[in-house]
Amino acid sequence: MRLFVLVCALALAGCSSKGTEYDPTANWAAEKLLADGKTEMSSGNWKLAKERFSAIEARYPFGIFAQQAMIDLAYCEWKDKESEKALATIGRFQQQYPAHASMDYMLYLKGLITFTPPSALFANLTGQNPGERDQRSMRQSFAAFNDLITRFPDSKYAPDARKRLVWLVDTMSQNELFIARYYYERYAYVAAVNRAQIVLTDFEGVPSAEPALYIMMMSYEKLGMTELRDDTQRILLKNFPNTRLIEEGFTDKPAWYNPLSLF
């Protein structure tokens with residue numbers, strides 16, 4: 001019996017030793033890990049690149065190589081479709097190195113990661129307007145790009161960030177308009193007015209202002225609030241003298257457009 005137990009123990013020990021993987025980078029310096037990680041990153045080998053950059057963070061924390069490793073790791077995680085991990089890495093970087101020279105890039109990367117949610121890739125197949133999607137990612141993207149151009153107006157990433165901000169503002173205003181129209185078509189006129197007002201107060205000068213005013217005007221009409229209806233109609237005609245909404249109303253659904261068409 002004792003012999004049987006000893007044999008089993010030796011067999012288990014053998015299996016355990018065979019399962020131990022050899023790490024060829026165990027004795028590598030941080031500089032070599034970083035250089036190899038960048039080589040793998042340039043080749044699109046995101047998995048191996050992430051391993052190299054993660055190893056630097058684990059073995060050589062808080063040094064200049066660890067700082068660059070975090071920057072590259074966030075990019076690789078994004079490219080490897082691990083957006084949540086990439087955002088977490090950026091968050092750690094912002095917390096640990098708030099005055100880093102590459103902070104403008106990290107803000108830009110953060111904006112890019114949340115700029116187009118995965119569902120947007122299929123919107124052209126479903127006919128969904130970008131403004132109809134959940135705004136959480138868009139608001140995160142807006143905050144990152146806005147932070148970038150506010151803190152680093154001369155950054156090389158600022159011009160593209162400004163273009164993306166224009167799209168985000170327009171799309172978020174469309175989202176509020178979509179909700180306002182949804183409420184109006186379901187006879188929730190007070191809610192329709194409230195959402196249409198957001199378009200006018202939070203997104204000044206956007207194209208969605210015209211239909212937002214029309215929804216407000218018609219909602220006041222349905223509520224029997226004729227004075228507010230007439231005031232809103234005057235504002236609509238003053239700002240959009242050629243509007244056809246008063247005569248024709250909404251004739252069709254808004255057409256979907258590509259969120260990357262501006263770039």
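Lys81 sits in the loop between H4 and helix H5 (83-96), where helices are DSSP runs of H or I, at least four residues long, numbered from the N terminus. Before going on, note that this is a predicted model, in which local features need pLDDT of at least 70, side-chain atom pairs count only at pLDDT 80 or more, and totals for chains, interfaces and linings use all residues. Residues are numbered from 1 along each chain as its sequence is written, and side-chain values use heavy atoms, with hydrogens and water left out.

**Exercise 1.** Work out whether Lys81 is buried or exposed, and find its phi.

*Solution.* Start with the cut-offs: buried is under 20% relative accessible area, exposed is over 50%, and partly exposed is in between (1.4 Å probe, protein chains only). Lys81 has 77% relative accessibility, so it counts as exposed. Next, the backbone: Lys81 isn't a glycine, yet its phi is positive, about 60°.

**Exercise 2.** Classify the ring pair Phe115 and Trp167.

*Solution.* First, the rule: rings of Phe, Tyr and Trp (its six-membered ring) pair if their centres lie within 6.5 Å, with planes under 30 degrees apart called stacked, over 60 edge-to-face and the rest tilted. That rule gives twelve aromatic pairs here. For Phe115 and Trp167, the centres are 5.0 Å apart and the planes meet at 55°, so the pair is tilted. Now place the partners: Phe115 is in helix H6 (residues 103-115) and Trp167 in helix H9 (residues 158-185), 52 residues apart, so to speak a link between distant parts of the chain.

**Exercise 3.** Now try Tyr214 and Phe250: what kind of aromatic pair do they form?

*Solution.* Take the geometry: 5.4 Å centre to centre and 85° between the planes, an edge-to-face pair. Tyr214 belongs to helix H11 (residues 209-223), while Phe250 is in the segment after helix H13 (245-248), 36 residues away. Then compare cover: Tyr214 is buried at 9% relative accessibility, whereas Phe250 is partly exposed at 28%.

Definitions and conventions:
Helix = DSSP H or I, 4+ residues; strand = E, 2+ residues; numbered from the N terminus.
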